[in-house]
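Trainee: Could we go through this one together, with a few questions and answers?

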Amino acid sequence: MHFAQIATVGFSGDGRALELIDQTQLPGKLQVLQLKTQQEIWEAIHQLRVRGAPAIGIAAAIGLYLAALEIETEDQKSFLQQFSQRKAYLASARPTAVNLFWALDRMERVAQSHIRLPVDQIRDLLRQEAQRMLEEDAASCRRIGEYGSDLLREGDGVLTHCNAGRLATVRYGTALAPIYVAQEQGKQVRVFADETRPLLQGARLTAFELYQSGIDTTLLCDNMAATAMKNGWIQLVLVGADRIAANGDTANKIGTLGVAILARHYGIPFYVCAPLTTVDLNTPTGEEIQIEQRSPEEVTTLWYRERMAPEGVKVLNPAFDVTDHSFIAGIITDRGIARPPFSQTLPALFSQEGI
């Protein structure tokens, strides 16, 4: 089956499993997993079999519904207690992506607000909520694409870092959504994708999905971005986000900060693309964002036939860095484009839509 025909994340056909593309196998193998147990789903999120803030949120929502199916009680109080325990377990899979906690909280609110109903009816409402979130994500990303495509001109070169395409969401993506919508509109743009060390999401995922979609794509080593900008090949930078603080500071894949600094130096607009669910108004600045620290083996051995660093050497491997809001020209959301000062414009987007 062709990549475009497979959902990144969703329900299995019988609705009794979480179905997702195993992104650790790309680009060499297009494998679809069906996961049913909480341990399997926790491992898939932690090990990046599913990744990207929106996709993680949808996977967690479906996972928590499946957890509800496992709970063997018809007593509402006992059900809610066990449900909350399973929610906490899934929440421990990754600490930075706010969509994970947002999705789990939303599912828990459904259970809490209907606690007087029979447990079977609560389970059914949880299934409906997870399906609703899946559909909302696809629509949300489409709107991000429509807002962002207005910024793209025919022939523009766009630099992106990590993968914020359809592999990070249900459909379209966030940072790649404007590119896909521009393609639908007949507008041709060129994409330069950073390889994104050490996990190579740009090389393995972004290059894969854009190439499969027929978009002009050039893969860059991370240290080539400055040269590409200096040569005039880049007119715009589009990146995704895992958490956006109230002041606009943005956590995204490690290396994003360096790209933002380079873009400022060369006068290239730097945009963050994310749904409003990724904006955390309860986090005042980027200083309060918890940055996930990952295994040293991802740097020293994971992608190599032989070890590529001395045994015993210290390794620093943060999953994300935080780009200061001062480097960001705008945050393209599913409710419009917020521009500086973000401490005013981001809350305005929430209040405007009653979110």
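This is a predicted model: local features need pLDDT of at least 70, side-chain atom pairs count only at pLDDT 80 or more; totals for chains, interfaces and linings use all residues.

Trainee: How many salt bridges does a search of the whole structure find?
Mentor: The criterion is a side-chain nitrogen of Lys or Arg within 4 Å of a carboxyl oxygen of Asp or Glu. Some of these pairs join up, as in the network of R94, E292, R294 and E298. Over the whole structure, the number of salt bridges is 21.

Trainee: How many residues apart are R49 and D22, a pair that links distant parts of the chain?
Mentor: Helices (DSSP runs of H or I, at least four residues) and strands (runs of E, at least two) are numbered from the N terminus. R49 and D22 form a salt bridge with their closest N and O atoms 3.1 Å apart. R49 is in the loop between helix 1 (38-46) and helix 2 (53-70), and D22 is in the loop between strand 2 (18-21) and strand 3 (32-35), giving a separation of 27 residues.

Trainee: Which helix holds R106, the partner of E136?
Mentor: E136 and R106 make a salt bridge, with 2.9 Å between the closest N and O atoms. The pair links distant parts of the chain, 30 residues apart, with E136 in helix 5 (residues 119-149). E136 is partly exposed at 35% relative accessibility, whereas R106 is buried at 13%. R106 itself belongs to helix 4 (residues 98-113).

Trainee: What separates E129 and R132 in helix 5?
Mentor: Their side chains meet in a salt bridge at 2.3 Å, N to O. E129 is buried at 10% relative accessibility, and R132 is partly exposed at 36%. Because they are 3 residues apart in helix 5, their separation is about one helical turn.

Trainee: Which strands stand at the edges of the open sheet?
Mentor: The sheet has 4 strands in the order 11-8-9-12, with mixed pairing; strands pair if DSSP finds at least two bridges between them. Strand 8 (residues 243-245) and strand 11 pair in the parallel sense over 2 bridges, with I244 bridging to V279. Each edge strand has a single partner, so one side of each is left without a neighbour in the sheet: these are strand 11 (279-280) and strand 12 (320-323).

Trainee: Which side chain is joined to that of D249 by a polar contact of 2.8 Å?
Mentor: D249 is in the loop between strand 8 and strand 9 and is buried, with a relative accessible area of 7%. Beyond its neighbours within four places in sequence, its contacts (heavy atoms within 4.5 Å) include R243, I244, T285, V322 and H325. A polar contact is a pair of N or O atoms within 3.5 Å; within protein, one must be able to donate a hydrogen and the other to accept it, and residues adjacent in sequence count only if both atoms are side-chain atoms. The partner at 2.8 Å is H325.

Trainee: Which residue's backbone nitrogen does the side chain of T73 reach?
Mentor: T73 is in the loop between helix 2 and helix 3, and it is buried at 15% relative accessibility. Apart from neighbours within four places in sequence, T73 is in contact with S78, F79, Q82, V119 and R123. At 3.1 Å, its side chain reaches the backbone nitrogen of D75.

Terms used. Residues are numbered from 1 along each chain as its sequence is written. Side-chain values use heavy atoms; hydrogens and water are left out. Buried means under 20% relative accessible area, exposed over 50%, partly exposed in between (1.4 Å probe, protein chains only).
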